[in-house]
Amino acid sequence: MADRPLIAPSILAADFARLGEEIAAVAGGGETRADWVHVDVMDAHFVPNLTLGLPVAKALIDSTDLPIDCHLMIDDPDRWAIGYAEAGAYNVTVHAEAAKDPVALAKNLRAAGAKAGLSIKPGTALEPWLDALKHYDTLLVMSVEPGFGGQSFIADVLEKVRTARRLVDTGHLKLIVEIDGGINTDTIEQAAEAGVDCFVAGSAVYGAGDPGKAVAALREQAARGRAG
Ligand SMILES: O=C(CO)[C@@H](O)[C@H](O)COP(=O)(O)O
C-alpha cells in the first residue's frame, strides 16, 4: 500500500479558462499539496462528453512539477495512449473496455517512460483482467459511470477494490489501486477502508473555496479510514 493516501484532484471540475492556475492551487507545500493531478481526456465516443486532447494535456504536463495522471476515456487507446506517455505523463490510464491488446499497450506505455494504468467501469468485472493487470502499475476503479463529474458514489464497486487490495497484499499483483468518481469527505473513508491507495476528486477539490485545503482534508479523512 502507498505510504500515505494519495490525492489526485481532477481538473474536470476546474475552471477550464484557468487550468494552469487551478493546478498551481494544489501544488503548494505541505498537506495542501496534491500527489498527482488527474486529467480526464474524453472523446465524445467512448463517453458522451468531450474535454481535451494531447496538445492541452502536454501543456499541462509542462506547466507543473506535479505528476500528471491522464485518464483516457477514448476509443482506440491502442493508437492514442502512447502520445500521452511520450508527452511526459506520469501515469496513462486506458479503459479495459476499449483496449484491443491491453498487454501490448501496457508494455508500450512503460517503454515510453510512463506508468501504465487500466480502468474498469462500475459494471465491468475485475476477474477477466487479472492476467493483463500483471503488466500494469495502476488499477483505476470507476465509482461513477465515466463521462461527467459531480455524480454520486457507487459503493458497490468497493468489492472490486477489496479483491484488488487482497491480490496486491498477497503479492499476486503489484498495483496502485485508484478510485474515481463521487469521492468527497462523506465517501473517502469507506474507500480508504476498502484499500484504495489513490483518490481522484473533482468537485470535492475544485468546488471547494480553497482547493489546497480540500486536498489536505481529504487526505486526513482517508488516513482515518485506513486506520479503521
Ligand atoms: O473521470 C471522471 C468522470 O468520468 C472523474 O475524474 C470526475 O472528474 C470525478 O469528478 P467528481 O465525481 O469527483 O466530481
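Analyst: Let us begin with Glu97, which, leaving aside its neighbours within four places in sequence, is in contact with Lys121 and Thr124. The model is a predicted one, and Glu97 has its place in the loop between β4 and α4.

User: What makes Glu97 count as buried, exposed or partly exposed?

Analyst: Glu97 has 15 other C-beta atoms within 10 Å. A residue is buried at 20 or more and exposed at 12 or fewer, so Glu97, with its 15, is called partly exposed. As for its place relative to Arg33, which is 64 residues apart from Glu97 along the chain, the two C-alpha atoms are separated by 33 Å.

User: Why is Asp40 called buried?

Analyst: The cut-off for a buried residue is 20 or more other C-beta atoms within 10 Å, and Asp40 has 26 of them, so Asp40 is buried. Asp40 is found in strand β2, and, not counting residues up to four places away in sequence, Asp40 touches Ser10, Leu12, Thr51, His71 and Met73.

User: What makes Asp180 buried as well?

Analyst: Asp180 has 28 C-beta neighbours inside 10 Å, which meets the cut-off of 20 or more, so Asp180 counts as buried. Asp180 is found in strand β7, residues 176-180, and its contacts, not counting residues up to four places away in sequence, are with His71, Leu140, Met142, Ser143 and Val200.

User: Which residues are in the UniProt "binding site" listing that includes His38, and how do you know that they gather at one spot?

Analyst: In one "binding site" annotation of the unreviewed entry, UniProt lists His38, Asp40, His71 and Asp180. These residues span 143 residues in sequence, yet no two of their C-alpha atoms are more than 10.7 Å apart, so they gather at one spot.

User: Why do the two histidines of that listing, His38 and His71, count as buried?

Analyst: With 26 C-beta neighbours inside 10 Å, His38 counts as buried, and with 27 such neighbours His71 counts as buried too, because the definition asks for 20 or more. His38 lies in strand β2 and, leaving aside its neighbours within four places in sequence, is in contact with Ala8, Pro9, Ser10, Ile11, Asp69, His71 and Val200. His71 has its place in strand β3, residues 68-73, and among the residues His71 touches, not counting those up to four places away in sequence, are His38, Asp40, Thr93 and Asp180.

User: Which residues come nearest to the ligand?

Analyst: Of the 22 residues around the ligand, Ser10, Leu12, Gly149, Gly202 and Ser203 come nearest. The elements that give two or more residues to this shell are β2 (37-42), β8 (198-201) and α8 (203-206). By class, the shell has nine nonpolar, eleven polar and two charged residues.

User: How do you know that the buried residues of helix α4 lie on the same side?

Analyst: The buried residues of α4, which runs over residues 102-111, are Pro102, Leu105, Ala106 and Leu109. They cover an arc of only 100 degrees around the axis, which puts them on the same side of α4. An α-helix has 3.6 residues a turn, so residues three or four places apart point the same way. The face turned away from the buried side carries the exposed residues Ala104 and Ala111. What covers the buried residues of α4 includes α3 (77-86), β4 (91-95), β5 (115-120) and α5 (130-133).

Notes
Residues are numbered from 1 along each chain as its sequence is written. This is a predicted model: local features need pLDDT of at least 70, side-chain atom pairs count only at pLDDT 80 or more; totals for chains, interfaces and linings use all residues. A residue is near a molecule or strand if its C-beta atom, placed from the backbone, lies within 6 Å of it. Helices (H or I, at least four residues) and strands (E, at least two) are DSSP runs, numbered from the N terminus. Ala, Val, Leu, Ile, Met, Phe, Trp, Tyr, Cys and Pro count as nonpolar, Asp, Glu, Lys and Arg as charged, and the others, Gly among them, as polar. The arc is that of the directions from the helix axis to the C-beta atoms. Two residues are in contact if their C-beta atoms, placed from the backbone, lie within 7 Å. UniProt positions are given in the numbering used here, feature names are shortened, and annotations may be inferred rather than shown by experiment.
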